[in-house]
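I opened the model to look up strand pairing and helix packing. My entries follow in the order in which I made them.

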Amino acid sequence: MENEKDNKEQLRKLKEQFSKNSGEKPKGDNKGGGGDPRRRFNFYWVYAIIALIFIGLQVLSSMGGNIQTTTFADFTEMIERGDVNKVKIINQRIVQVYLTEDALASDNEAYKEIETNPMGGKSGPHFSFEMPYEAYKENMTYFYEQNPELKPQRVVPEFEERKDIWGEALAYILPLVILIGIWIFIMRRMSGGGGGPGAQIFNIGKSKAQLFDQNTNVKVTFKNVAGLEGAKEEVQEIVSFLKDPDRYTSLGGKIPKGALLVGPPGTGKTLLAKAVAGEAKVPFFSLSGSDFVEMFVGVGASRVRDLFKQAKEKSPSIIFIDEIDAIGRARGKNALSGGNDERENTLNQLLTEMDGFGTNEHVIVLAATNRADILDKALMRAGRFDRQIFVDLPELNERREIFKVHLAPLKLAAKLDSDFLARQTPGFSGADIANVCNEAALIAARKNKKAIEQEDFLDAVDRIIGGLEKKSKIISHDEKKIIAHHEAGHATISWLLEHAHPLVKVTIVPRGRSLGAAWYLPEERQLTNTDQILDEMCSALGGRAAEEIIFNKISTGALSDLEKVTKQARAMVTIYGLNEKLGNITYYDSQNNNDMGFTKPYSERTAQLIDEEISKIIENQYERAKALLTENKEKLIQLAEMLLEKEVIFKENLEEIFGKRQWKSRDEVLHDENHPAEDAKAEGEEAAKADKTAPEEEPKNSDLPA
């Protein structure tokens, strides 16, 4: 007896569990609403049966209900009056009489009761009587012999065999049955019994989250996430909170409610979340911020409630909301205006679920965004998103690790230096590096190579940064000379200044929208000082300065250079406080809080001063670039002629003209520190040639107008 009670209790608990879980249905439940047999009955079947009975009665009545019975004597009277149009004999026994339209329109009392047959119209049978065909034939022969004047109007009977009257009824009913069945099927799907697209009408307030649990095979783990060591540690700790909560709560601590992944696009925020889903071994709900947004009012808040309800039922669990800025934008600052903003209602419900009266401590919320600056302060506070995990662009060592992950499945040449590729891709995100590897494989395949070489990776970097080469673009010789001297001016200034980015490659082959391009190797700095910014501005203005020195006129080719230096100068004056006239002040607002409604947070006098200082900084660096190029005019011309001849020049070509660069880049210094033996050997070789390759001493920055 006790065993039976235990089995019944376990069965009851299983039914309750299935009824709570909207995504799982117990077997044998056609409705999908749980294991209660009382809920299996569907009233749609009652409506369908009533409709079928009604339609069947209508069809049967239409087939025979409007046909009146008569006798053979009355039938012969109809023939004598000329009212009979035709006669049909069914199954050699039933005689059906069809009247003419004139007879139906007459005032004959016997015909007034006749109704129009809905199945056959006016041409349908109006009278019938039962008589075997042989008897009918004999009687009609006798009738025409007695009435010879009617012989020319003899009515010739038609014959029809009907084996089953119900078959005809089925032919009328079956299409209607199919239509009703389709209607019932759609209604059941819409009521939530079957899920799928039809369930959208009644399930529109349900969560769209995709569930990953132990039965779901998620192949991404933390081993697939290269670099991002700091972010991985914090995310792994969140996973351990759920796997072993007693380890942390035993000391009185509380498990964090949520963590926000913040960083530029392509840095691996969603990849980290996938790794959590693969490692956590707890229910993982994944969806996007836009999944909450719908055209109907209140749907977003309803979906938030349903999402957290499912997560609490399966706790401990994790909820991941990608691109949370779709619903987490600061309230009162949305693009839409009006009395009711659906996004704000959704955000309010999310805030309540994350930290409200009914909060469950065993549900952790992960979210990702690249616009943390526009999120609502209430969403960012401790108790909701306790941690902000910054996923920044990868540095040199991290890029090296990312390259190793993406190079593993490729067929590579033997002499491929992944360290060199990492140094050639500063500022690239993880997604960009994956794109470089894929593009290199496509380029190698296009050239019918059996392995991917280092040259293919460099071409892939050029393709991604500058675009496709357009060798077919028609450029005159004079324009080509201007482009060559412009690019040579950039290369010369960058080679002569300490803080300018060292040159890698220069080309005058059109790429994308540019007529020429130069590739530099920017240093990865955490801080930038005034001298570094000014050197970069001077290098950017070197192209226009070279045009003025050589041709004594300037062109429109420096548009992108002017845009760059103008932004840098404005940032020095208005953001970083690097200008003596304005002093240590910034007008940058990191929170985008424009509480006073001003278009600019300074006076007209200050605006005029800002414009003057920006112009002064740019013009000083332009004069500085002209001074440097005037001193090295012969080398500039030599470099431009080499560029016209070869169309593409590299760092080695500049060393032939200018000698070894006086300053080492930060990456070169780090590389030398990692390989001290090679560095010592290189220094020994350079010492022997010092008198031949040492560059002329350039003027100090302080000697030039700043």
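The model is predicted, with local features needing pLDDT of at least 70 and side-chain atom pairs counting only at pLDDT 80 or more, while totals for chains, interfaces and linings use all residues. Residues are numbered from 1 along each chain as its sequence is written, and side-chain values use heavy atoms, with hydrogens and water left out.

I then looked up the strands themselves. Strand β12 (residues 503-507) pairs with β13 in the antiparallel sense, over 4 bridges. Helices (H or I, at least four residues) and strands (E, at least two) are DSSP runs numbered from the N terminus, and two strands pair if DSSP finds at least two bridges between them. The open sheet has 3 strands in the order β13-β12-β14, with antiparallel pairing. β13 (517-520) and β14 (648-650) are the edge strands, each pairing on one side only. I read an average twist of 10° from one strand to the next. Angles run from 0 to 180 degrees between N-to-C directions, and axes are lines fitted to C-alpha atoms, for helices over the stretch in contact.

Helix α24 (residues 633-646) packs on this sheet and touches β12 and β14. Its direction makes about 125° with that of β14. Contact here means heavy atoms within 4.5 Å.

Is strand β2 buried or exposed for the most part? I found 5 of the 7 residues of β2 (residues 84-90) buried, so the strand is largely enclosed by the rest of the structure. Buried means under 20% relative accessible area, exposed over 50%, and partly exposed in between, with a 1.4 Å probe and protein chains only.

I noted two partners of β2. With strand β3 (residues 94-99) the pairing is antiparallel over 6 bridges, and K88 stands opposite Q96 of β3. The two strands form a hairpin with 3 residues between them, and N91 in the turn has a positive phi of about 55°. With strand β5 (residues 158-160) β2 pairs in the parallel sense over 3 bridges; there I90 has E160 as its bridge partner.

The axes of helix α15 (residues 396-407) and helix α17 (residues 430-446) come within 10 Å and cross at roughly 45°. The two helices are therefore oblique to each other. Angles under 35 degrees count as roughly parallel, over 145 as roughly antiparallel, 65 to 115 as roughly perpendicular and the rest as oblique. I listed R399, I402, F403, H406 and L407 of α15 against G430, I433, A434 and C437 of α17 as the contact residues. They divide into 6 nonpolar, 2 polar and 1 charged. Ala, Val, Leu, Ile, Met, Phe, Trp, Tyr, Cys and Pro count as nonpolar, Asp, Glu, Lys and Arg as charged, and the others, Gly among them, as polar.

Helix α22 (residues 559-574) and helix α23 (residues 604-631) have axes that come within 9 Å and cross at roughly 130°. That makes α22 oblique to α23. Contact residues include V565, A569 and V573 of α22 and I610, I614 and I617 of α23.

I counted up 28 helices and 14 strands for the protein. Of its 706 residues, 40% are buried.
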